[in-house]
Amino acid sequence: MKGHGARWRRLAAAHLTESYVITPDLRGHGHSAMEPPWDLERQVADVLAVPAGRGLTRVDVMGHSYGARVATRLSRTTPERIDRLALLDPSVQLPAQPVGEQARRGMSLPPYDTPEHARAERAAAWPFASGQTLDDEVEEQLEQGPGGRWCRRLEAAAVATACSGMARPQILPSPTADTLLMIVRRSASYAPSTSPTAAAYSAANRPSPRWTRTPCCTPRTTRPDLVGPLLHRFLTRRDAPPVPGGSGRVTEPAPAGSPAFPRLP
């Protein structure tokens, strides 16, 4: 939410070189369509269309925060198409009050006088981000408005809709998906010990050999040095149990001429 698919670019380039990585912008964000609906079901349908349009029948899916919520619903919608699921600090069933405040803030995103102003603000919010990551933010997320000021490429109403979705009841991933759950050690919304995500996932999947839960000081795509090795080990492991009723792990080549970072229509 309030991000863009290219945030995964440097992580993929450094740590997921054995994989064909597709990182679309969600509807209402970046270069994708801004028109409604922006609800969870439409986001899932949009994302599913991306690998389908490239002839990929089975894929691994990664998501962070609201993107992890989308990934979880996707695994429930079409479990036969998902092999592995990497959920980075999923934003699900969050407390209503802070989520409501976040939605209201998202409806009013002031423009920037210059790209440098936007970069400085992002640097203050992400003290561990590299200079390259900050440059990517400016290039991918900003566009100049009619008045000459710089605005984010996103639809504010889509942000509010996503916030509302994060307060909805818990969704557990498909039991057939080999799943990695990364829970941040500290969060502005909740502590790991009281996280509804951690509690519900752990209780529902304690006996499952398909689940791996690991703490991480910051499972954000702004720290590929921390997140990348964990994802690489998970996505390249060969000891995962086969998918019931399926053909096991499937590695499909990238379709010729397919862009790695597509935009949703």
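Where is serine 65 found? Select serine 65 in this predicted model: the residue belongs to the loop between β1 (59–64) and α3. Its phi is positive, about 60°, although serine 65 is not a glycine.

Proceed next to helix α3 (residues 66–77) and display helix α2 (residues 40–53) with it. The two helices pack at an angle of about 75°, and their axes are 9 Å apart. Because angles of 65 to 115 degrees count as roughly perpendicular, α2 is described as roughly perpendicular to α3. To view the contact, select Leu40, Glu41, Gln43, Val44, Val47 and Leu48 of α2.

Now move to the loop between α1 and α2, where proline 37 has its place. Proline 36 and proline 37 are joined by a cis peptide bond, with omega at about 5°.

The following stop concerns charged side chains. The model holds 13 salt bridges, one of which is formed by the side chains of arginine 9 and glutamate 140, at 3.4 Å from N to O. Arginine 9 lies in helix α1 (residues 9–15) and glutamate 140 in helix α6 (residues 131–141), so this pair ties together parts that are 131 residues apart in sequence.

Finally, select arginine 122 and tryptophan 126. The charged end of arginine 122 sits over the ring of tryptophan 126, at 4.5 Å from the centre of that ring. As for aromatic pairs, the count is zero.

How values were computed. Residues are numbered from 1 along each chain as its sequence is written. This is a predicted model: local features need pLDDT of at least 70, side-chain atom pairs count only at pLDDT 80 or more; totals for chains, interfaces and linings use all residues. Side-chain values use heavy atoms; hydrogens and water are left out. Rings of Phe, Tyr and Trp (its six-membered ring) pair if their centres lie within 6.5 Å; planes under 30 degrees apart count as stacked, over 60 as edge-to-face and the rest as tilted. A charge sits over a ring if NZ of Lys or CZ of Arg is within 6 Å of the ring centre and within 35 degrees of the ring normal. Axes are lines fitted to C-alpha atoms, for helices over the stretch in contact, and angles run from 0 to 180 degrees between N-to-C directions. Helices (H or I, at least four residues) and strands (E, at least two) are DSSP runs, numbered from the N terminus. Angles under 35 degrees count as roughly parallel, over 145 as roughly antiparallel, 65 to 115 as roughly perpendicular and the rest as oblique. Contact means heavy atoms within 4.5 Å. A salt bridge is a side-chain nitrogen of Lys or Arg within 4 Å of a carboxyl oxygen of Asp or Glu.
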